[in-house]
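Subject: Structure handover

Dear colleague,

Please find the sequence and the model below. My notes on the sheet, the salt bridges, the surface and the backbone follow.

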Amino acid sequence: MAQPLAGIRIADFSHVIAGPLATHFLRLLGAEVIKVEPPSGDVLRNYTQRKELRGMAEPFISTNAGKKSVVLDLKTKFGQTAARKLVESSDVLVENFRPGVIDRLGLGHETFKQSHPSLIFCSISGYGQGGPMRNYPAIDQIIQSVSGLMSLSGDTDSGPLRVGFPIVDTYSALLAAFAIQSALMQRERDPDRRGQFIDMSMLDASLVMINSVVAPLVISGIRPRRTGNRGFSLAPTADTFETADSPITIGAVQQVQYERLCKALDRPDLLEDPRFATPDLRMKHDRELQAELAGTFRKRPALEWEEVLSRHGVPAGAVRSVEDVLELEQLADRGLKLEIPVPNEAVGAATILNAGFSFAHDGPGLSDPPPALGEHTEEVLADLGISEAVLE
């Protein structure tokens, strides 16, 4: 059996993270992704602190492995003609220009409505294709600010904080990949195999992502506030505590978990204390309870507490660096790490991450390198019937 998207061709006109990461997920599932780049290349190729990796930066490697790179100047007649031929041979088009740009290049959705009615056309932008903010430029950090996401990060005494990675780009990419696969399934079930236009807004995606705080606001008028490391339940036993060496986060939110926590900490007195008898009372006396817990947690190292608490059925995890978590034995047999060759002598080979889920068979994965700029231009255009003489 082939991978789920084997035989699907994607014309990828996107750049930086949101679009390329969306098509990366589709490539992991077997789709052929043809990455159309300007002569200067995707700017993500140069997002690196190492000069020797310019043109093949680490973020580019991790989101473009296995794709084919075609260089076209879309401002020229030839570039636009070749691009149209590519799109007409594809199942999906993905782009993340500002609204209106793809239309001005002669490659908009209307262009293909008649000539390629089965095309699935996905446009990713900051605010969507309509509305008063349609033409506002946007990147991840801006949408974090506008969406309210930054206002949620930090503690009660801090100002708003950016989440420490491009979370909006990442979630938008996941949502776009989900939408594209849904549209492909819809097309398969349609007797006329009609395509679809997908209008993907990063602002919309951000609000969907923070739905857990949006829902209480719109339904009950409960305004979200910054709570630092306190968990969503706001229970005093769902927080981060210092230990003998480094912090640990616990999540004892149910009564049975609180009872297990007291047993694991060898603190039967906390079970007997009337101030902490119920969840409501623990919320009322949260500072006193956290002071008691803090003193106990400082007696042992974080990893010891993690093992003890987990064994007692209490959700707990030591706060790790990204470097540390990548070394966990837990990841060794999960198929999360993929080894690929890299066409850059300074790297040679690299580890990238798989899709984050596995199938019993024929699931996500790849072993091909990221493309050099324009590496597949002649191959792809010749396959489209553009003659060698015209290519010259």
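Two strands count as paired if DSSP finds at least two bridges between them. Helices (H or I, at least four residues) and strands (E, at least two) are DSSP runs, numbered from the N terminus. With that in place, the bridge partner of Phe-241 in S8 is Ile-248.

This is a predicted model, in which local features need pLDDT of at least 70 and side-chain atom pairs count only at pLDDT 80 or more, while totals for chains, interfaces and linings use all residues. Residues are numbered from 1 along each chain as its sequence is written, and side-chain values use heavy atoms, with hydrogens and water left out.

The sheet

S7, S8 and S9 form an open sheet of three strands in the order S7-S8-S9, with antiparallel pairing. Strand S7 (240-241) and strand S9 (316-318) each have a single partner strand and stand at the edges, so one side of each is left without a neighbour in the sheet. Strand S8 (residues 248-250) is joined to S7 by two bridges, and the two run antiparallel. Helix H15 (residues 302-311) lies across S8 and S9, and runs at about 165° to S9. The angle is taken between N-to-C directions on a scale from 0 to 180 degrees, with axes as lines fitted to C-alpha atoms, for helices over the stretch in contact; contact means heavy atoms within 4.5 Å.

Salt bridges

A salt bridge here is a side-chain nitrogen of Lys or Arg within 4 Å of a carboxyl oxygen of Asp or Glu. The count by this rule is 21. For burial, the classes are buried (under 20% relative accessible area), exposed (over 50%) and partly exposed (in between), with a 1.4 Å probe and protein chains only.

- Arg-230 pairs with Asp-239, the closest N and O atoms being 3.1 Å apart; both residues are buried.
- Arg-275 meets Asp-273 at 2.7 Å, N to O. Arg-275 is partly exposed, at 30% relative accessible area, whereas Asp-273 is buried, at 16%.
- Arg-300 pairs with Glu-304, with 3.2 Å between the closest N and O atoms. Arg-300 is partly exposed at 32%, and Glu-304 is partly exposed at 38%.

There is also a network: Arg-9, Glu-32, Lys-68, Glu-379 and Asp-383 are joined by salt bridges that share partners.

The surface

Val-322, Val-325, Leu-326, Leu-328 and Leu-353 make a nonpolar surface patch of about 380 Å². Patches are made of residues with over 30% relative accessible area and no salt bridge, like charges being joined within 9 Å and nonpolar side chains (Val, Leu, Ile, Met, Phe, Trp, Tyr) within 5 Å. Areas come from the Shrake-Rupley method with a 1.4 Å probe; for residues, only the protein chains shown count as cover. Helix H16 (residues 322-326) gives the largest share of the patch, three residues. Val-322 is in helix H16 and counts as exposed because its relative accessibility is 58%.

The backbone

Most residues other than glycine have a negative phi. Val-16, not a glycine, has a positive phi of about 65°, and is found in the loop between strand S1 (9-12) and helix H1 (18-28). Leu-234, not a glycine either, has a positive phi of about 70°. Leu-234 lies in the loop between helix H10 (211-220) and S7, and is partly exposed, with a relative accessible area of 26%.

Regards
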